[in-house]
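Keep the model open while you read.

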Amino acid sequence: MQKVRTTLLRYWAAIMIGALTWCTVLLLPQDAGGLSTSYLQAMAFDSSAQLSNFYSDPSDAVTIRVQGVPYTYNTSASQSTPLPALKPLTTKPAAPTGLKVVSTGSNRVELSWQANSEADLKGYRVAYKPAGGTYQSFFTTSTKCTITGLQNGIKYTLKVKAQNTSDEYSSYSSHVYATPKSTPPSTPSGLKVTSIGNGRIDVAWNPNKGSDLKQYRLAYKPEGGSYKSVFTSGTSYSLTGLTNGKKYTLKVKAINEAGEESNYCSFVYATPTGSSPAPSKANVKVETLAAGTKYATPLYVISSGQPGPVVMVVGGVHGNEEAGYSAARKITEYKINRGTLIVIPEANKLAIEANRRAAPGESDLNRAFPQSSSQNPKNVLSRAIYSAIKDYKVDWLIDLHEGYDYYKNSSTDSVGQTLIYYPANSTKTTAQAIVDDLNKGISSSLKKFSLLRYPVKGSLARAAGEYLGVHTMIFETCDNPSLSIRVNYHTQAVNKLLSSLNMR
Ligand SMILES: [Zn+2]
C-alpha cells in the first residue's frame with residue numbers, strides 16, 4: 001500500500017486488481033471538510049465501495065469531495081453509500097503569465113494577461129491593493145479587465161491567479177504596478193468673438209480632441225460684475241440678455257466625462273451694442289420677464305406690422321435641454337410676414353446656468369403652472385410666463401424640450417422625438433403636419449417623431465391649452481444625436497408651425 005500511496009500521491013485513481021476495483025484516494029486537507037488533521041491521508045475502497053483501508057485515526061468521520069459533491073464516510077462503521085465513479089484528481093492550473101498594465105487613467109487601471117490553456121479552467125481572480133493597504137479581489141472569465149474606483153496618485157500592486165472548475169487556484173502571477181492619475185482635458189484654444197449684437201455676444205472656439213470630452217464651460221462677466229457660466233457640448237455659443245455698452249470678459253474650459261476640468265483659455269473681451277440696432281431688427285422689442293428678480297430673462301417681441309396670429313416659442317424651461325434653448329435663441333433673429341412672434345429663449349436662466357432640469361434648490365418649473373381653472377401659477381417665473389401669454393393674447397404656443405431616449409424605444413419611458421399637443425380645435429391638424437414634415441427626413445423608424453396628446457398636468461403647455469384656450473404643444477427631441485441635428489429639428493418644427501400659419 002505504501003507504494004501505491006506514493007505513486008498516486010497527486011491523483012484520484014481507479015486501479016484494476018483482479019476482480020476488484022481498487023480506488024486509492026488522496027485526501028488533501030482542503031478536500032476533507034470537517035477533517036482537522038493536517039497530514040495527508042490515503043484510503044482505498046473495494047468494488048462494493050466499502051472502506052477497506054484507511055491510514056488515519058479509525059474514529060474519524062471523513063468527507064471527500066468528488067467533482068464538488070461531498071461524500072461523508074464514517075471510518076468506524078461499515079460504509080453503505082455507493083462510492084461515485086472516481087476521476088483523476090484535477091491538477092491546479094498554472095499561474096497566469098504576461099500580466100501587464102494596458103492603460104491607466106483617472107481612478108482606473110486596465111490590465112491584460114495571457115489565457116491559460118487548461119481544459120477545466122473556470123476563470124481568473126484579480127487581486128489589487130494600494131500601497132500600504134490590503135488586497136481586494138474579484139473573479140472574471142476574461143483575460144482583461146478595467147478596475148475602477150481607484151485613488152489617483154496612489155501606487156497599486158496587481159496580480160492574477162487562475163481558478164479551475166474544482167475551485168482550485170494556481171499561484172499568483174508575478175505582480176505589476178500602476179498609479180492611476182487624473183488626465184484633465186487640454187485647455188481649449190482659439191476662443192474668439194464671432195459677432196456682437198443687441199444684448200448679445202457670439203463666441204466660438206476650436207474643438208478639443210479628447211475622446212472623453214463631455215462639454216465646455218463658457219464663463220462671462222460684465223466689467224465690475226462677477227462670473228456666470230453656461231455649459232454646452234458645441235464649440236460656439238450665443239450669449240444673450242447682456243447689458244449693452246458693458247465690456248464683458250469671456251473664457252472657456254473643457255470638461256471630460258469624469259468631470260475633470262481643463263484650465264480656462266486666455267480671455268477675450270466684447271461689448272454688446274444695442275444703441276443702433278440693425279434695420280432688420282427695427283421690428284424687434286426686447287422686454288424683461290420677471291424684471292427685478294433673480295429670474296429676470298429676456299422676452300423678444302417680433303412684430304410683422306401686419307395683423308395675424310400671435311405665436312409664442314419657449315426654450316429653457318428645463319435648463320439641461322440644450323437644443324431647445326439653443327434653437328429658441330436662433331428664433332429670436334427671425335423675421336415674419338404677418339402676426340407676432342414672441343420668443344422666451346431662456347425661460348429658466350438659473351437652471352440653464354446650472355445645466356440642470358430645475359434651478360438649484362427649486363422644483364420643476366414645468367409643474368408650476370395651474371392644474372385647475374381656479375389655481376394660480378406657483379412661483380415667480382410661472383406667473384410671469386403665464387401673464388405674458390394673457391397680456392400678448394397668444395394664440396399658439398410651442399415649448400421646446402428634450403428627452404434622454406427615443407420614445408419608440410419601449411424599454412425606457414422617455415418622450416424624446418415626440419410632439420405632445422393639447423387636443424382642442426384645430427391643434428391636431430397642425431401638430432400632425434409638423435410631425436409629418438420632420439419624419440420625411442428621418443429614415444430610421446426608431447428615430448421618427450410620434451404625435452402624442454395631453455401634455456402633463458402642471459406644465460406650461462397643459463395649463464395654457466386647458467385654461468387659456470391657446471393651441472399648445474411640447475416639442476421633444478431625443479438628446480442622442482449631435483447638438484446641431486437636434487437644434488435643426490427644433491427650428492424645423494417651429495418653421496413648420498409658422499409656415500402653416502402663413503407667417504413665414
Ligand atoms: Zn423638458
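Helices here are DSSP runs of H or I with at least four residues, strands are E runs of at least two, and both are numbered from the N terminus. Counted that way, the protein chain comes to seven helices and 28 strands. Bear in mind that this is a predicted model. Of the chain's 504 residues, 34% count as buried. Take the contacts with a separation of 6 or more: 65% of them join residues 24 or more positions apart.

**The cores**

Let's start inside. The largest nonpolar core has 85 residues, and Val313, Val314, Ile385, Leu397, Ile398, Leu419 and Met473 are those with the most contacts inside it. Helix α7 (residues 483-500) gives the largest share of this core, six residues. Where does this core lie relative to domain 3 (192-270) and domain 4 (279-500)? Both domains give residues to it, so it lies between them. Apart from it there is another core, of twelve residues, with Val126, Tyr156, Val160 and Ala178 among them.

Leaving aside residues up to four places away in sequence, Val314 touches Ala328, Ile344, Ala347, Leu397, Asp399, Leu400 and Leu460.

**The eight-stranded sheet**

Next comes an open sheet of eight strands with mixed pairing, in the order β21-β22-β24-β23-β25-β28-β26-β27. Why is one side of β21 and one side of β27 (450-453) left without a neighbour in the sheet? These two strands stand at the edges, each with a single partner strand, so there is nothing of the sheet on that side. From one strand to the next, the twist averages 20°.

Within this sheet, β26 (residues 418-421) and β28 (residues 471-478) run antiparallel, joined by four bridges. Look for Thr418, which stands opposite Glu476 in β28. Helix α5 (residues 427-439) lies across β26, β27 and β28, and runs at about 175° to β26. Helix α6 packs on the sheet too, touching β23, β25 and β28, with a direction that makes about 160° with that of β28.

**Helix α4**

Helix α4 (residues 380-391) has twelve residues and reaches 16 Å from its first C-alpha to its last, close to the 16 Å expected at 1.5 Å a residue. Which of its residues are buried? They are Leu381, Ser382, Ala384, Ile385, Tyr386 and Ile389. As a rule, an α-helix has 3.6 residues a turn, so residues three or four places apart point the same way. The buried residues of α4 pack against β21 (284-289), β23 (310-314), β24 (340-344), β25 (396-403) and α6 (460-467). Just after α4, Lys393 takes a positive phi of about 50°.

**A hairpin and its neighbour**

The table lists two pairings.

| Strand pair | Sense | Bridges | A bridged pair |
|---|---|---|---|
| β14 (residues 192-197) and β15 (residues 200-204) | antiparallel | five bridges | Gly197 and Arg200 |
| β15 and β18 (residues 236-239) | antiparallel | four bridges | Asp202 and Ser238 |

The hairpin of β14 and β15 has two residues between the strands, and Gly199 takes a positive phi near 65° there. On the other pairing, β15 meets β18 through four bridges, and Asp202 has Ser238 as its bridge partner in β18.

How values were computed
Residues numbered from 1 in each chain as written. Predicted model: local features only at pLDDT ≥ 70, side-chain atom pairs only at ≥ 80, totals over all residues. Core = buried A, V, L, I, M, F, W, Y, C linked by C-beta atoms within 7 Å. Buried ≥ 20, exposed ≤ 12 C-beta atoms within 10 Å, placed from the backbone. Domains from an automatic or database assignment. Contact = placed C-beta atoms within 7 Å. Expected span 1.5 Å × (residues − 1). Pairing = 2+ DSSP bridges. Axes fitted to C-alpha atoms, helices over the stretch in contact; angles between N-to-C directions.
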